[in-house]
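Subject: Structure for you to look at

Hello,

Here is the structure I said I would pass on. Please open it next to this message and follow along; my notes on the side-chain contacts come after it.

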Amino acid sequence: MKSYIKIVLGAIVIGGFCAYFFYKDIKKDVVALTTHENSLNLFQAGVFKNLDNAKNYQNNFDYSIIYENNNYYRVIIGISYHEENKIKLENYFNNKDIKYYIKDIKVNDDFLEKIANYETVMIKTNSDDVIKNVNKNMLDLLNGYLT
């Protein structure tokens with residue numbers, strides 16, 4: 001009977017070591033797979049293959065950023081996460097007769113935390129000046145996030 005106990009204890013110890021090294025090896029992959037990503041609405045005013053053309057078009061707006069994606073330069077004039085803010089920006093740009101396309105990108109929770117206060121301010125306001133300034137600040141944060 002004592003020999004069975006030694007075999008069982010040996011199997012447990014060997015299994016524990018194998019499990020430890022297996023877990024250590026895949027830990028980074030598991031963390032990467034479980035990181036939650038969210039969709040953010042980008043208000044895109046234009047798409048260009050040439051950076052100079054994008055910069056020239058960018059001058060048509062009070063404030064915008066250029067986002068390079070898949071060998072295209074996208075002129076981004078607004079961002080929103082909450083549906084209420086998406087509607088406010090749509091109304092804001094429509095009232096200014098600005099044509100746009102809404103494109104979704106994935107962002108992580110850390111970025112959403114950075115813009116959370118701005119999103120709250122935008123939800124609570126109806127002032128075009130506040131919407132414009134809050135949107136500018138969120139675009140600045142997005143520009144830093146994308147680079």
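K136 and D140 sit 4 residues apart in helix α5, which is about one turn of the helix. Their side chains meet in a salt bridge, with 3.3 Å from N to O. Please keep in mind that this is a predicted model. K136 is partly exposed, at 32% relative accessibility, and D140 is partly exposed too, with a relative accessible area of 31%. K136 has another contact: K136 lies over the face of Y63, 4.7 Å from the ring centre.

How many salt bridges does a search of the whole structure find? The search finds 3.

Another of them joins K132 to D62, where the closest N and O atoms are 3.4 Å apart. K132 belongs to helix α5 (residues 128–146), while D62 is in the loop between α2 (51–58) and β2 (65–69), so this pair ties together parts that are 70 residues apart in sequence. With a relative accessible area of 35%, K132 is partly exposed. D62 counts as exposed, at 60% relative accessibility.

There is also a salt bridge between K99 and D97, and the closest N and O atoms are 3.4 Å apart there. Are these two residues buried or exposed? K99 counts as exposed at 61% relative accessibility, and D97 is exposed with a relative accessible area of 56%.

Now the aromatic rings. A pair of aromatic rings is described by the distance of the centres and the angle of the planes. The count for this structure comes to 7 aromatic pairs. One of them is Y57 with F61: the ring centres are 5.3 Å apart and the planes stand at 70°, so the pair is edge-to-face, since an angle over 60 degrees counts as such. Y57 is partly exposed at 28% relative accessibility, whereas F61 is buried, with a relative accessible area of 14%.

Y92 and F93 form an edge-to-face pair as well, at 5.4 Å centre to centre and with 70° between the planes. Both Y92 and F93 are buried. Which residues do ring pairs link into a cluster? They are F43, Y92, F93 and Y100.

Regards

Methods. Residues numbered from 1 in each chain as written. Predicted model: local features only at pLDDT ≥ 70, side-chain atom pairs only at ≥ 80, totals over all residues. Heavy atoms only, no water. Salt bridge = Lys/Arg side-chain N within 4 Å of Asp/Glu carboxyl O. Helix = DSSP H or I, 4+ residues; strand = E, 2+ residues; numbered from the N terminus. Buried < 20%, exposed > 50% of the residue type's maximum accessible area, 1.4 Å probe, protein only. Phe/Tyr/Trp six-rings, centres within 6.5 Å; stacked < 30°, edge-to-face > 60°. Lys NZ or Arg CZ within 6 Å of the ring centre and 35° of its normal.
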